[in-house]
Amino acid sequence: MAKWWILLLWMVSLTGIAAPEVLKDPTQPPGQAGIVAEGTQTGELRLQSIIIRGSAHEAIIDGQQVRVGDELQGYKVLQIDPMSVTLSKAGKERVLRMYDSKIKIRR
């Protein structure tokens with residue numbers, strides 16, 4: 001009889017292992033689940049990160065790592081600064097900035 005209880009407990013414990021677990025992003029602000037970042041559905045380029053190591057400047061735009069001279073969606077990367085990336089397409093320049101959205105401070 002004890003063997004059956006052990007077998008039953010063992011089988012029940014396996015169900016927790018087989019069930020997929022949905023993990024929540026711990027850095028996401030509360031109440032923001034399921035919200036897509038602005039620009040990702042409209043085809044707009046989104047500057048996600050800028051990496052500067054000595055004289056090497058790189059940026060992450062829409063999940064792709066780029067350097068000066070690289071092309072991304074028809075844009076050529078002209079310049080990478082600590083807070084912005086300058087792109088060119090068809091003779092027109094466009095600047096992507098880190099933290100481009102306005103932050104409201106409540107007092």
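**A stretch to treat with care**

**Where the model comes from**

This is a predicted model, so to speak of local features we need pLDDT of at least 70, and side-chain atom pairs count only at pLDDT 80 or more, while totals for chains, interfaces and linings use all residues. Residues are numbered from 1 along each chain as its sequence is written, and side-chain values use heavy atoms, with hydrogens and water left out.

Across the protein chain, pLDDT averages 78, and 63% of the residues score at least 70. Confidence is lowest in helix α1 (residues 2-18), with a mean of 69, and highest in strand β5 (residues 75-80), at 96. Helices (H or I, at least four residues) and strands (E, at least two) are DSSP runs, numbered from the N terminus.

**The sheet**

Four strands make an open sheet in the order β4-β5-β6-β7, and the pairing is antiparallel. Because β4 (71-72) and β7 (92-97) stand at the edges with a single partner strand each, one side of each has no neighbour in the sheet. Two strands pair if DSSP finds at least two bridges between them; β6 (residues 84-89) and β7 have six. Here K89 stands opposite K92 in β7.

**A look at S84**

S84 sits in strand β6. At 10% relative accessibility, S84 counts as buried (under 20% relative accessible area, with a 1.4 Å probe and protein chains only). Leaving out residues up to four places away in sequence, S84 touches L47, I50, Q79, V95, L96 and R97.

Technical notes. pLDDT is the predictor's confidence in each residue, from 0 to 100. Buried means under 20% relative accessible area, exposed over 50%, partly exposed in between (1.4 Å probe, protein chains only). Contact means heavy atoms within 4.5 Å.
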